[in-house]
Amino acid sequence: MTSTDLPGVLAVQQRCYGPAFHEPLAAFASKLAGAPDTCWVASTATEGILAYLVSLPVDAHSLPALHATQWQAPAQAQRLYLHDLAVAPIARGRSLAPRLVARAQQCARDMGLQQMVLVAVQGSEGFWQGQGFAAHAMLAGAPEDKLASFGPDARVMACTL
């Protein structure tokens with residue numbers, strides 16, 4: 001993902017998430033600036049951006065709240081946090097989501113990390129279980145207000161690599 005991809009990323013986000021989950025351009029730009037090697041898009045020359053994954057190397061204190069417009073990578077990451085994955089409706093059925101998750105898994109392994117975590121929203125727990133994630137207690141040391149920003153139905157999930 002590059003900064004020129006962000007308008008396309010926002011367009012996919014708006015087609016996939018309810019309005020409460022629409023993050024501003026500044027939120028994506030901040031995350032991309034802090035973790036350019038762990039954010040990806042799937043696109044074609046004719047269709048543009050079809051899917052994206054924003055993942056961030058984090059420790060418990062560097063998890064971003066939803067809509068946060070300033071994020072910095074920690075000095076020493078403990079896990080890879082999958083902040084946002086979306087696939088445009090026209091691209092569903094092309095296995096883009098599993099391929100992006102597999103890319104993140106390989107990247108996390110290459111970084112020497114042993115766990116990936118995420119906050120599942122909009123009833124996506126079943127999809128994430130199919131990718132090897134399971135429900136997880138709140139991350140030790142993570143500020144509760146950051147996790148609460150995802151809403152009362154959000155679920156923390158984790159995958160050991």
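Mentor: Let's start with the sheet: six strands form an open sheet, in the order S1-S2-S3-S4-S6-S5, with mixed pairing. Strands here are DSSP runs of E with at least two residues, helices are runs of H or I with at least four, and both are numbered from the N terminus. Two strands pair if DSSP finds at least two bridges between them. At the edges you'll find S1 (39-44) and S5 (134-135), each pairing on one side only.

Before going on, keep in mind that this is a predicted model: local features need pLDDT of at least 70, side-chain atom pairs count only at pLDDT 80 or more, and totals for chains, interfaces and linings use all residues. Residues are numbered from 1 along each chain as its sequence is written, and side-chain values use heavy atoms, with hydrogens and water left out.

Now look at S4 (115-120). S4 and S6 (residues 155-160) run antiparallel and are joined by six bridges. For one of the partners, take Gln115, which is bridged to Thr160 in S6.

Next, the helices. H1 (residues 6-16) lies across S1, S2 and S3, at about 95 degrees to S2. H3 (96-110) lies across S1, S2, S3, S4 and S6, and runs at about 165 degrees to S3. Those angles go from 0 to 180 degrees between N-to-C directions, using axes fitted to C-alpha atoms, for helices over the stretch in contact; contact means heavy atoms within 4.5 Å.

There's a pocket to see too. A pocket is an open set of points on a 1 Å grid over the protein atoms alone, where a 1.4 Å probe fits, with protein on both sides within 12 Å along at least five of seven lines; lining residues have an atom within 4 Å of a point. The largest pocket is lined by 30 residues, with Tyr17, Leu85, Ala86, Ser124 and Trp128 nearest its centre. H1, S3, H3, S4 and H4 (125-130) each give two or more residues to that lining, and S3 gives the most, with six.

Gln14 and Ala86 are 72 residues apart in sequence, yet 9.6 Å apart in space, C-alpha to C-alpha. Gln14 has a relative accessible area of 51%, so it counts as exposed (over 50%; buried is under 20%, partly exposed in between, with a 1.4 Å probe and protein chains only).

Gln122 isn't a glycine, but its phi is positive, about 55 degrees.
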